[in-house]
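I opened this entry to keep track of what I looked up.

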Amino acid sequence: MLDRVLGLLRIRVVRGVNLAVRDVRSSDPYVVLRLGKQKLKTQVIKKTVNPEWDEELTFSVEDPSVPVKLEVYDKDTFSSDDPMGDAEFDIQPFFEAVKMDLRDAPPDGSVLRKQASTRVNCLAEESTIYLLNGKVVQDIVLRLRNVECGEIELQLRWVDLPSSKSSQAK
């Protein structure tokens, strides 16, 4: 099983912006991320529509063509949690940037590629893949679907495994 893992995708769930109100005047939001059969979630942040999670969730990646799915929920004590929108994003462009030969690495902050916001994807704005401390990083702002408002800010980082195929490809 582990020999098929290309590496680890570390997703920092930074914050939510202008999320939907699902309780009387606010919400108690949390985020669920899925990649294939893997499912991870953030902690619940009480009574806010602008939560600051700043939480890192790590997935093992076997197939970079599989998108990451994201769902936001409002935590309810006495009833089922209310959905507050969803989104998904493609990690293929990020993975391709990770695989680039960076031995003659450009300086920190150098933009490796950009991912445009389109009608088809959930990007709220152009997403930049760049170098930070010699590592490939992508900042993403997702516009939530199936809800009246809300965006989620994420940051992606890649962690090579010692025996992973992506590190051998270099």
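How much space lies in the largest pocket? I am working from a predicted model, and the value I found for the largest pocket is about 230 Å³. Ten residues line this pocket, and those closest to its centre are Leu35, Gly36, Lys37, Gln38 and Glu62. I sorted the lining by class and got four nonpolar, three polar and three charged residues.

Next I searched the whole structure for salt bridges and noted 13.

I took Glu62 up again here. Glu62 forms a salt bridge with Arg4, with the closest N and O atoms 2.6 Å apart. I placed Arg4 in the segment before β1 (7-17) and Glu62 in the loop between β4 (52-61) and β5 (68-74), so this pair links distant parts of the chain, 58 residues apart. Glu62 counts as partly exposed because its relative accessibility is 27%, between the 20% and 50% cut-offs.

I then looked at Glu56 and Arg10, whose side chains meet in a salt bridge at 3.7 Å, N to O. Glu56 is in strand β4 and Arg10 in strand β1, 46 residues apart. I noted Glu56 as partly exposed at 35% relative accessibility, and Arg10 as partly exposed at 28%.

My last pair was Glu88 and Lys69, with a salt bridge of 2.8 Å, N to O. Glu88 lies in strand β6 (residues 82-89) and Lys69 in strand β5, so the pair ties together parts 19 residues apart in sequence. Glu88 is partly exposed at 27% relative accessibility, and Lys69 is partly exposed at 39%.

Key. Residues numbered from 1 in each chain as written. Predicted model: local features only at pLDDT ≥ 70, side-chain atom pairs only at ≥ 80, totals over all residues. Heavy atoms only, no water. 1 Å grid on protein atoms, 1.4 Å probe; cavity = no way out; pocket = protein on both sides within 12 Å on 5 of 7 lines; lining within 4 Å. Points joined across faces, edges and corners; volume = space filled by probe spheres on them. Nonpolar A, V, L, I, M, F, W, Y, C, P; charged D, E, K, R; others polar. Salt bridge = Lys/Arg side-chain N within 4 Å of Asp/Glu carboxyl O. Helix = DSSP H or I, 4+ residues; strand = E, 2+ residues; numbered from the N terminus. Buried < 20%, exposed > 50% of the residue type's maximum accessible area, 1.4 Å probe, protein only.
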